[in-house]
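Hello,

Here is the structure I promised to pass on to you. Please have it open while you read, and my notes follow below.

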Amino acid sequence: FMQYSLLTDMTLDGIIQPCSQFMHDWVHGLFSKGVFQICLYLLLTSMEEANLHTLLGGATGIYQYLYEYIKPWKFPAKRKCTDLYTVFDPKRRQGNRDAETFRCGASECLALVPILSFWVSALVLPLGHCTLACQAFIAFADIAECMVTVATGTIPADTLKSAIETFLEKFVQAFGASKLTPKLHWLLH
């Protein structure tokens, strides 16, 4: 029994170049220690620095506020993240700070994007604080929505490209170019 390998197929020389090509899936780039976690961490850090939790109702911190905000949300039992609020347990804050990223799984990220983008749009932006960080997060949510929808064939490449360029501009405006990581660059590819 002979095993077929793309790497040793001579007919593919000049077409497949494994040493110089790279491919990744969008979920990994966005939600596996990816763009979402970086952007959310920086957004929460901006909110902590602005003491935003006091304007939102006086919780002891932004993590505690979001823990309480998301806790009453009900998710279908089939979803693996029925206790989604626990990612905002204030005890996790220091670990996130040490890692300089928001630590959570990809399925938790996918569930959080619409909730947090609604929260940022409806409750935080009207307060007029952390505006650039909020706009960057909302621009990320636009990318996530495009990527989830792209499988339907209704999102043209130009729409996705425009959403990515808008996000990267807003990200740099909010957090600075020094916060760009390779996964943010991958968005362009």
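**What I found**

Thr101 has a relative accessibility of 17% and therefore counts as buried (buried means under 20% relative accessible area, exposed over 50%, and partly exposed in between, with a 1.4 Å probe and protein chains only). Thr101 sits in the loop between helix H5 (93–99) and helix H6 (106–124). Its contacts (heavy atoms within 4.5 Å), leaving aside neighbours within four places in sequence, are with Gln37, Ile38, Tyr41 and Asn96.

Before going further, a word on the source: this is a predicted model, in which local features need pLDDT of at least 70 and side-chain atom pairs count only at pLDDT 80 or more, while totals for chains, interfaces and linings use all residues. Residues are numbered from 1 along each chain as its sequence is written, and side-chain values use heavy atoms, with hydrogens and water left out.

**The chain overall**

The chain has nine helices and zero strands, so its elements read α-α-α-α-α-α-α-α-α from the N terminus (helices are DSSP runs of H or I with at least four residues, strands are runs of E with at least two, and numbering starts at the N terminus). Along the principal axes, its C-alpha atoms fill a box of roughly 65 × 35 × 35 Å. Of the 189 residues, 39% count as buried. Among contacts between residues at least 6 apart in sequence, 65% join residues at least 24 apart.

Phe137 belongs to helix H7 (residues 131–149), and with 0% relative accessibility Phe137 counts as buried. What does Phe137 touch, not counting residues up to four places away in sequence? The list is Phe36, Cys39, Leu40, Leu43, Leu116, Ser117 and Val120. Phe36 lies 101 residues from Phe137 in sequence, yet their C-alpha atoms are 8.4 Å apart in space.

Helix H2 (residues 35–49) packs with helix H4 (residues 62–70) at an angle of about 115°, and their axes are 9 Å apart (axes are lines fitted to C-alpha atoms, for helices over the stretch in contact, and angles run from 0 to 180 degrees between N-to-C directions). Leu44, Met47 and Glu48 of H2 meet Ile62, Tyr63 and Leu66 of H4 in this contact.

I hope this helps you find your way around.

Best wishes
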